[in-house]
Amino acid sequence: MAQGPLIDRHFLERLERLAIHWQKSFGGIVGGHNVSRFAGPGQEFLDHRHFHHGDDLRAVNWRAYMRLEKMFLKMFQIEPRVPVRLLLDTSASMAAPSEEKFASARRLAAALAYIGLVRLDTIVVHPFSNTLGDAKVCSGGRHRFGPVSDFLSALKPGGTTNFLAISKQFVERYSQRGLLIVISDFLTDAEETKPFDYLAEFGHELLLVQVYAEEDRIPPWDGELELQEAETGGRVEMNFDADARERYTAAFDDWSEELRRTALRHGGRYAAVSSAMPVEEAVFGPLVRVQGVR
Amino acid sequence: MHLLNLSLAEFAAVFSAASAVVVALYLLDRSRRTVLVATLRFWNEARRPVESAQRRRIRQWPSLLLQLLSIALLLLAISQLRWGSRETGARDHVLLLDTSAWAAARGIADGGTQSLLDQAKGMALAYVRALPPVDRVMVVYADGLATPVTAFESDRRKVEEAIRRGRAGASALNLAQAMEFARRTLSRHARSAGEIVLAGGWRTLTSEASMPVEWPANLRLLTPRGNPENVGIRKLGLRPSPEDPGLWKVLVSVRNYGARPHSAELTLLFGGSPAGGRILELAPGQEAETAVNYRTRAAGMLEARVRTRGDRFSGDDRAVLEMPAQPELKLTVCSDEPELLRPLFGSLPMLMATMRTRAQCVAQPPEGVAVYDRFVPRGGFRGPSLLLEPPADQSPIAVVKSGVTERIDRWEQRHPLSTGLRAQDFRLSQALVFRTGAGDTGVAFTASGAVLVAREVAGQPKLVVAGFHPLRSHLKFELATPLLFANILRWFSPEAFRRTEVFAGSVGAVTAPWQTGETNGLRVINESGDALPFTVRDGQVRFYSAQTGTVRVVQNEREQTYSLALPDVPEAVWMPPEKVKRGVPPSVSGLAQARDLWPWLAALGALGLFLDWLLFAPAGSGRVGSLRQMPLLNRLHRRAS
């Protein structure tokens, strides 16, 4: 069946005014648009320090030497070019109860990739389920969006989610710190935020984007249900009523709050996006509100 | 309290079936369903153990009971539950309004100011107004045919309008047919059979022997009192005298339908002028036929009037016939020996022969049919012409042989000139033999060839050439000779030989005498020129016409014209059985009216189903689910659950 484009042209034009934003300072070569606290070959003055052997004599503040007869070195802020890594959940849970959630996640990833390409950032898309999939690196401007869009369109949901294994693989494989955007429903059996703590402590800045279906938060069913988990195939029989629905929704909201606290604790950000929400509304709503893009 | 549409057993059966379906759907709706979810993690926190291992079980009794109650209410609405006794239930009646010809007679009541039909309408309206409003009435006009003018109608305005619209027709009441129609209509189309009401019914076509033995128990008569006196014309006929061409024989048949003897004054008028008359003394039930001779060759209207003291039906007191003109064939005989031909042409009454010499015919060529005796006019023929023994060199048809003395041995039977001619001993002397060309038909043949030829060419007058003179030899003694001349003149001018008879009768079945027995070319056509179906049996043509007008029975030169303008007044007075109900019963108007409950039941049933959906339906998706999120409804739902 022929698929339409993930994002229409009108929306792409609106995205061009945005930029992916991060708060931490990361090292890197010059050429980015986010200011770093690391000194380097920048334009903005940062600080002075004592001269050490081997420092570049061109950076010595000769005026201060004439007055104080001590050699001080001028340091400048750099705007490093840091690759933005985008982890996209492709586990089977993203297709439950319908594929609408996965489609919404793909559209969101495409929108962020386009924003990054417009600002000449390097975007690396990492699909994952129980392991990290092959990454798609894209950079060089908006005209490179086509391959990313094709890559995202070709993704299929399947497999289980193991955030701990993924985080370990990621840290082992990629040593450069940077902004890490995780797009997932974060619906796993593991009730822990340890993988995200691990990634943050390694030095990454986290932007957790939770994409959920309305049925994930408020199940519409009543009566006797036989529940089948999408990833493991596990089954549970239960009576479900309004009270149970309230307990369920409360548990879901608790988990979302826990994710948000984890992100904030490490200087990151958290955004929740309903799959029923149009991607345009999701970008200019929750993502702008948490300053994931601005 | 009773059900109008269903019996109790039918209701129970339908309700049982519907209940079974509802329970099955309920169990199916509440059965365990499999749902694919992203994770079981939060479900485990909200989990409540399954209460029972039995899967098909009723868990929401209020919901099921509410559904069953709603279904029962809807079924009762469909069954039309009514408050009151069954006798007050809606019934359907057939009202037969007698619109026969006799209904136009003035009645005895009210000093004869009202017609019988008006009185019957009044009684019918009173009956309809006395019926309960839920009863339905079908109005049928009954005369020769039973014609329904409404369906079973509960709208009294339409029923009364149909009754008022009734007009007396021209045919007689066919009571047996009307009764059968009403009985079948009630049995097939009525919700609950009511009464067959006959408004009228005085005289009927049906004899008592053909009436049903068992009259319907639900028959009611609304018949005005009395049987009005009437003397009227039954038949009026015109027949031309075969001997005297200008003489008509007028036949009038008058009947006394009443119970008293009457003296009837019969008057005949032609073109408004008196043409004859009679005084007829008629005993009760007597029919007298009288004949009046009237001489005229002109066309005109012949009117017959009957005047009787105490007559209350004027429809049959007058009859009018259109008298056709008597055709006359003008013939010019061009001969220098007129005495030779005069006896021959003087024998036909419709023929007016003028004898002229050859010189006169040459000087002034004759118009119309002409006979040329042994000569041929030079200027051609101006009308149909008969040439007797023309000169061989002037004959319009080539002569191949002359002076032939032979016998005629063959007649061309397919040609009208030889109709009825079989003679083989026509001995000719000095005859001419012709060669036939285009448009020529040889009629009589000798061994040498055609001696009598007929020519018929489009755009030219008909021509007959005889190669012999029938009156100059011993042929004048042959019996076939006048017949041959008659055939020739009939072929020239068939209208002059058409025998027209005119009759006035009544609509309905008509029996016309037709003595010829020959049916080839026989047609029965009405005023519009449409053919009517007919049968011929025992020398009689029978046909049926339900409309007034003129019907012609035509065959070749014979024509009978029937002016069907007289009303058909049956001879028999119908005496209804004693046990038949009569008049408007007061109990009908006093019946208590039953009250319909079905609108309320239907509304309650619908409300019950809506409440069930609101309180017990599984939370659906989309907008239906959002309605359930309303605080009050949500609280109600949770309480009911």
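Q: Which residues in helix α11(B) are buried?
A: B:Leu601, B:Gly605, B:Gly608, B:Asp612 and B:Phe616 are buried in α11(B). A residue is buried if 20 or more other C-beta atoms, placed from the backbone, lie within 10 Å of its own, exposed if 12 or fewer, and partly exposed in between. Helices (H or I, at least four residues) and strands (E, at least two) are DSSP runs, numbered from the N terminus.

Q: What am I looking at, and how is it numbered?
A: This is a predicted model, in which local features need pLDDT of at least 70, side-chain atom pairs count only at pLDDT 80 or more, and totals for chains, interfaces and linings use all residues. Residues are numbered from 1 along each chain as its sequence is written, with chains lettered from A and ligands numbered from 1 in the order in which they are written.

Q: Switching to the interface. How many residues does each chain give to the contact?
A: Chain A gives 32 residues and chain B gives 26 residues, where contact means C-beta atoms, placed from the backbone, within 7 Å.

Q: Which element gives the largest share on the chain A side?
A: β8(A), with seven residues.

Q: What about the six-strand sheet in chain A, what's the order?
A: The open sheet runs β5-β4-β3-β6-β7-β10, with mixed pairing. β5 (136-138) and β10 (269-274) each have a single partner strand, so one side of each is left without a neighbour in the sheet.

Q: How many bridges join β7 to β10 there?
A: Six bridges join β7 (residues 205-212) to β10(A), and the two run parallel. A:Val209 stands opposite A:Ala271 in β10(A).

Q: Which helices lie across those strands?
A: Among them, α4 (residues 145-153) lies across β4 (123-128) and β5 of chain A, at about 160° to β5(A). α8(A) lies across β7 and β10, at about 150° to β10(A). Axes are lines fitted to C-alpha atoms, for helices over the stretch in contact, and angles run from 0 to 180 degrees between N-to-C directions.

Methods
Two residues are in contact if their C-beta atoms, placed from the backbone, lie within 7 Å. Two strands pair if DSSP finds at least two bridges between them.
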